[in-house]
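Please read this briefing alongside the sequence and the 3D view. The points below are grouped by topic for a reader who is new to the structure.

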Amino acid sequence: MEKLSNPQKTIEVIQKYQFDFQKKFGQNFLIDGRVLDKIIEAANVTKDDFVLEIGPGIGTMTQYLAENAREVMAVEIDKNLLPILADTLSAYDNVSILNEDILKVDIGKIAKERNNGKPIKVVANLPYYITTPIIMGLFESHVPIDSITVMVQKEVADRMQAGPGTKDYGALSLAVQYYAQPYVVANVPPNCFMPRPRVGSAVIRLTKYKESPIKVTNEKLLFQLIRASFNQRRKTLQNGIKNYSGFNFSREEVAKALEEMGVSPTIRGEALTLEQFAQLSNLLDR
Ligand code: SAM
């Protein structure tokens with residue numbers, strides 16, 4: 001079959017099946033072959049790889065993945081897309097479709113059964129309304145993952161790779177950078193999709209660390225500290241920690257830890273590096 005990245009072919013399929021785009025599922029299908037080539041290259045998909053695709057849509061990216069990977073599993077929530085996918089992917093015997101909500105899928109089990117528990121690659125043009133829960137879910141569930149190469153809203157890509165002292169720096173930057181090394185592969189304008197989204201997009205690759213370079217004694221405490229300090233971004237870190245309901249550290253304990261770290265007691269969380277958050281977490285975890 002002719003590639004769906006050809007806009008004419010996408011229109012033909014949409015019309016043939018009288019498919020209605022569902023805004024609530026974040027359905028914006030890619031119609032640019034150059035962008036798809038870039039994604040496959042950045043994800044470094046080879047015939048050794050098991051790839052998990054989230055939201056195949058009508059199968060545009062799936063066609064590229066099937067040609068390059070050993071095996072592809074694509075999880076799609078919209079049952080109206082199933083007959084279309086059966087048609088557009090009929091030439092490939094290495095693709096399976098799972099009609100499920102990705103947030104409810106046991107990906108660890110899939111990796112175990114289909115890839116002998118070895119790290120899988122995740123490649124997707126994500127539904128933007130659930131980008132953060134998808135990515136954090138993949139990291140926090142400790143599923144074996146090699147890398148996640150995904151299309152996201154441009155602002156989200158900026159936040160994932162931001163460093164301290166910038167406006168985009170926040171809880172998402174720190175959470176992502178704890179688990180992975182981010183790299184923005186390309187910016188992608190709205191005219192590469194059908195229908196066109198109202199926001200700009202970017203492809204980002206998150207290469208998961210085999211072991212996080214950040215050493216903490218209490219991972220949960222680290223993430224609570226990050227949340228506490230960005231919940232009240234304009235407050236000092238000390239006040240953020242004091243006001244966070246999950247904590248009962250005294251002002252003195254926090255002041256002492258900050259002093260040991262050699263940073264000002266009035267510092268704001270947004271000025272702290274990930275390493276400093278880890279240091280603070282380790283000092284308070286006593
Ligand atoms: N991969 C296709 C492409 O690039 O043209 C479609 C990408 S579109 C941005 C997002 C896809 O994710 C849609 O097909 C949508 O139905 C699907 N989707 C939305 N929410 C989902 C969920 N919770 N679980 C699985 N798939 C979902």
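A residue is called buried under 20% relative accessible area, exposed over 50%, and partly exposed in between, with a 1.4 Å probe and protein chains only. By that rule Phe 277 is buried, with a relative accessible area of 0%. The model is a predicted one, in which local features need pLDDT of at least 70 and side-chain atom pairs count only at pLDDT 80 or more, while totals for chains, interfaces and linings use all residues. Residues are numbered from 1 along each chain as its sequence is written, and side-chain values use heavy atoms, with hydrogens and water left out. Helices (H or I, at least four residues) and strands (E, at least two) are DSSP runs, numbered from the N terminus.

**The sheet**

- Seven strands make up an open sheet with mixed pairing, in the order β4-β3-β2-β5-β6-β9-β7, where two strands pair if DSSP finds at least two bridges between them.
- The edges are taken by β4 (95–98) and β7 (180–188), each of which has a single partner strand, so one side of each is left without a neighbour in the sheet.
- From one strand to the next the twist averages 20°, with axes being lines fitted to C-alpha atoms, for helices over the stretch in contact, and angles running from 0 to 180 degrees between N-to-C directions.
- Strand β5 (residues 120–125) runs parallel to β6 and is joined to it by six bridges; Ala 124 has Val 150 in β6 as its bridge partner.

**Helices on the sheet**

- Helix α5 (residues 107–115) lies across β2 (50–54), β3 (71–75), β4 and β5, and runs at about 150° to β2.
- Helix α8 also packs on the sheet, where it touches β7 and β9, and its direction makes about 115° with that of β7; contact here means heavy atoms within 4.5 Å.

**Aromatic rings and a charge**

- Rings of Phe, Tyr and Trp (its six-membered ring) pair if their centres lie within 6.5 Å, and planes under 30 degrees apart count as stacked, over 60 as edge-to-face and the rest as tilted; this rule gives 11 aromatic pairs.
- Phe 139 and Tyr 179 form a stacked pair, 5.1 Å centre to centre with 15° between the planes.
- Because Phe 139 lies in helix α6 and Tyr 179 in helix α8 (residues 171–179), this pair ties together parts that are 40 residues apart in sequence.
- Phe 139 is buried at 0% relative accessibility, and Tyr 179 is buried with a relative accessible area of 6%.
- Phe 230 and Phe 277 form a tilted pair, 6.3 Å centre to centre with 40° between the planes.
- This second pair links distant parts of the chain, with Phe 230 in helix α9 (residues 219–231) and Phe 277 in helix α12 (residues 274–284), 47 residues apart; Phe 230 is buried, with a relative accessible area of 13%.
- A cluster linked by ring pairs holds Phe 139, Tyr 178, Tyr 179 and Phe 223.
- The charged end of Lys 3 sits over the ring of Tyr 64, 4.3 Å from its centre, the rule being that NZ of Lys or CZ of Arg is within 6 Å of the ring centre and within 35 degrees of the ring normal.

**Backbone exceptions**

- Most residues other than glycine have a negative phi, and most peptide bonds are trans.
- Gln 18, although not a glycine, has a positive phi of about 45°; Gln 18 is placed in the loop between α1 (7–16) and β1 (29–30) and is exposed at 70% relative accessibility.
- His 142 is not a glycine either, yet has a positive phi of about 55°; His 142 is in the loop between α6 (131–140) and β6 (145–153).
- The peptide bond from Met 194 to Pro 195 is cis, with omega near -15°, and Pro 195 is in the loop between β8 (193–194) and β9 (201–208).
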